[in-house]
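Subject: Structure for you to look at

Hello,

Here is the structure I said I would pass on. Please open it and keep it on screen while you read the notes below.

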Amino acid sequence: QVQLVESGGGSVEAGGSLRLSCAASGSIYGINNMDWYRQAPGKQRELVATITRSGSTNVVESVKGRFSISRDNAKDTVYLQMNSLKPEDTGVYSCHAEVFLRGRSLTYDRWGQGTQVTVSS
């Protein structure tokens, strides 16, 4: 089995920073793209940031200049550095990965359990 575990969430005042981590473990042959999503109360889940295996990144316009995504392939880990946080950034942040399993020829989508980020004004 492959699992993704997020960490680093918490409560912070507006203008503060948090760094989220998501570590993948299991029978992993390789990981293609890794992504961060978030879901605010009463809203649908949205893509926040994505990074390819080679390190090409994209973030949504609403967090551009404040959030950055990175990864450490040796550790099968993706990070989300969040600066200048705003109350509207509040939500459950989940990581997603497209994973090659050892002994299999297809990729599989895997999700972490999510970590709560709360930004107070």
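Strands β4 and β9 pair in the antiparallel sense, with nine bridges between them. Please keep in mind that this is a predicted model. One place to look at in this pairing is Gln39, whose bridge partner in β9 is Val92.

On β4 there is also a link to β5: five bridges join these two strands, and they run antiparallel. Here Arg38 has Glu46 of β5 as its bridge partner. The two strands form a hairpin with six residues between them, and Gly42 in the turn has a positive phi of about 75°.

Arg38 deserves a paragraph of its own. Arg38 sits in strand β4. Is this residue buried or exposed? Its relative accessible area is 7%, and buried means under 20%, so Arg38 counts as buried. Its side chain makes a polar contact with the side chain of Glu46 at 2.8 Å. Another polar contact, at 2.9 Å, joins the side chain of Arg38 to the side chain of Tyr93. Neighbours within four places in sequence aside, the residues in contact with Arg38 include Gln44, Val48, Ser62, Phe67, Glu88 and Asp89.

Tyr93 can be followed in the same way. Setting aside neighbours within four places in sequence, Tyr93 is in contact with Arg38, and also with Glu6, Leu20, Trp36, Tyr37, Phe67, Leu80, Met82, Gly114, Thr115 and Val117.

In soluble globular proteins, nonpolar side chains tend to be buried together. The largest nonpolar core in this model has 29 residues, and those that touch the most other members are Trp36, Phe67, Val78, Leu80, Met82 and Tyr93. The elements that give two or more residues to this core are β1 (2–7), β3 (18–26), β4 (28–39), β5 (46–51), β7 (67–72), β8 (77–82), β9 (91–101) and β11 (115–120). Which of them gives the largest share? It is β9, with five residues.

On one side, β3 and β8 pair in the antiparallel sense over six bridges. In this pairing, Leu18 has Met82 of β8 as its bridge partner, and Cys22 stands opposite Val78. β7 and β8 form a hairpin with four residues between them, and in the turn Asp76 has a positive phi of about 50°.

Why is β8 described as largely enclosed by the rest of the structure? The reason is that five of its six residues are buried.

To check these points on screen, start with Arg38 and its side-chain polar contacts to Glu46 and Tyr93.

Regards

Terms used: Residues are numbered from 1 along each chain as its sequence is written. This is a predicted model: local features need pLDDT of at least 70, side-chain atom pairs count only at pLDDT 80 or more; totals for chains, interfaces and linings use all residues. Side-chain values use heavy atoms; hydrogens and water are left out. A nonpolar core is a set of buried Ala, Val, Leu, Ile, Met, Phe, Trp, Tyr and Cys residues joined through side-chain atoms within 4.5 Å. Buried means under 20% relative accessible area, exposed over 50%, partly exposed in between (1.4 Å probe, protein chains only). Contact means heavy atoms within 4.5 Å. Two strands pair if DSSP finds at least two bridges between them. A polar contact is a pair of N or O atoms within 3.5 Å; within protein, one must be able to donate a hydrogen and the other to accept it, and residues adjacent in sequence count only if both atoms are side-chain atoms.
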